[in-house]
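Have a look at the structure first, then read on.

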Amino acid sequence: MPQTSNPTADIRKRYTRYLKLQRNYSPNTLDAYQHDLDCLMVYLHDQGLSPLEVKLEHLEHFAASLHERGIGPKSQARILSGVRSFYRFLELDGYLEVDPTELLESPHLPQHLPEYLTTPEVDALEASIDLSTNEGHRNRAIIEVFFSCGLRVSELTHLKLSDLFLDERFIRVLGKGNKERLVPISDRAIHELELWFHDRRRMDIKPGEEDFVFLNRRGHHLTRTMILIMIKRQAEAAGITKTISPHTLRHSFATALLRGGADLRVIQALLGHADIGTTEIYTHLDDASLRQEILLHHPRNIKREGQKGKDSSE
């Protein structure tokens, strides 16, 4: 049997096929994983190593080289995540008996808690919209669906009329990896959608775009950039000084649920997170509110009525 001239190239092809067909990753995600692997392959070529010869110490040196090249901690963590994925595949497909990345550490990342809006701030954002414009009811429906359902911006731009089950009060969302989830939708969001549909029915919708929920004035479905620009403009009009984006409204949804007493696992399912750790980042309680809750409810901080009177007389 003739030997393969470039076994590493064959491995990469099989890995790409695995990401595409078994993991069902989008083209953008595939590009990111290929970029991570390219970084590793350049390093291994310089070291005279093949991917199947790699040990933990080689990967530690590779991680150190990323730092020496001035790559920031977040990008380092992203690249190492891609490297782990590659070696998990090699072990899964029988190329390796042991995954050398099992003990590979990522750089410590400071926890970043993104901005979120309170319910009154979301109300102010919606109230700032000029409903006399052609896009007024559409934009208010967009903001309300973001806040009521916690969608990603890509999920909202691809939302279809056939995904709406408004009589049953839920919508079907196609998330990352083409995974479907059912998300309840509030009466408020349904009301805003119905107002938008009244305007939408009068539009000249382009062929092939008929099933998209949100359209621009030319009858095409909206893009991520269009929605980002709209939300930033409305934030300015509402006098909101926080730096916000569509993702801010998704985070606001999760934070509101957590404060309302929702279980973290429920929030994870509604957001479509594969990892509960991701949900924990998105659903923080800010320090001031947490401190207030402790002061009000911890038994060591609760003063009896008699004690209150004694304290005030001293």
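How many salt bridges does the count come to? By the rule used here, there are 13 salt bridges. Keep in mind that this is a predicted model.

## Why charges pair up

Side chains of opposite charge can pair when their charged atoms come close. A few of the pairs here are worth a look one by one.

## Aspartate 93 and arginine 14

Let's start with aspartate 93, whose side chain forms a salt bridge with that of arginine 14 at 2.8 Å, N to O. Arginine 14 belongs to helix H1 (residues 7–22), while aspartate 93 sits in the loop between helix H4 (73–92) and helix H5 (119–127), so this pair ties together parts that are 79 residues apart in sequence.

## Glutamate 121 and lysine 242

Next up, the side chains of glutamate 121 and lysine 242 meet in a salt bridge, at 2.9 Å from N to O. Since glutamate 121 lies in helix H5 and lysine 242 in the loop between H9 and helix H10 (246–259), the pair ties together parts that are 121 residues apart in sequence. Lysine 242 has a relative accessible area of 26%, so it counts as partly exposed.

Now for arginine 140, which pairs through its side chain with glutamate 192 in a salt bridge of 3.2 Å, N to O. With arginine 140 in helix H6 and glutamate 192 in helix H8 (residues 187–200), the pair ties together parts that are 52 residues apart in sequence. Both arginine 140 and glutamate 192 are buried.

On to the open space: the second largest pocket holds about 400 Å³. It is lined by 19 residues, and the closest to its centre are Glu135, Arg138, Asn139, Met230 and Arg233.

Where does the lining come from? Helix H6 (136–149) and helix H9 (224–237) each supply at least two residues, and H9 gives the largest share, with 6 residues. Sorted by class, the lining of this pocket has 7 nonpolar, 6 polar and 6 charged residues.

Technical notes: Residues numbered from 1 in each chain as written. Predicted model: local features only at pLDDT ≥ 70, side-chain atom pairs only at ≥ 80, totals over all residues. Heavy atoms only, no water. 1 Å grid on protein atoms, 1.4 Å probe; cavity = no way out; pocket = protein on both sides within 12 Å on 5 of 7 lines; lining within 4 Å. Points joined across faces, edges and corners; volume = space filled by probe spheres on them. Helix = DSSP H or I, 4+ residues; strand = E, 2+ residues; numbered from the N terminus. Nonpolar A, V, L, I, M, F, W, Y, C, P; charged D, E, K, R; others polar. Salt bridge = Lys/Arg side-chain N within 4 Å of Asp/Glu carboxyl O. Buried < 20%, exposed > 50% of the residue type's maximum accessible area, 1.4 Å probe, protein only.
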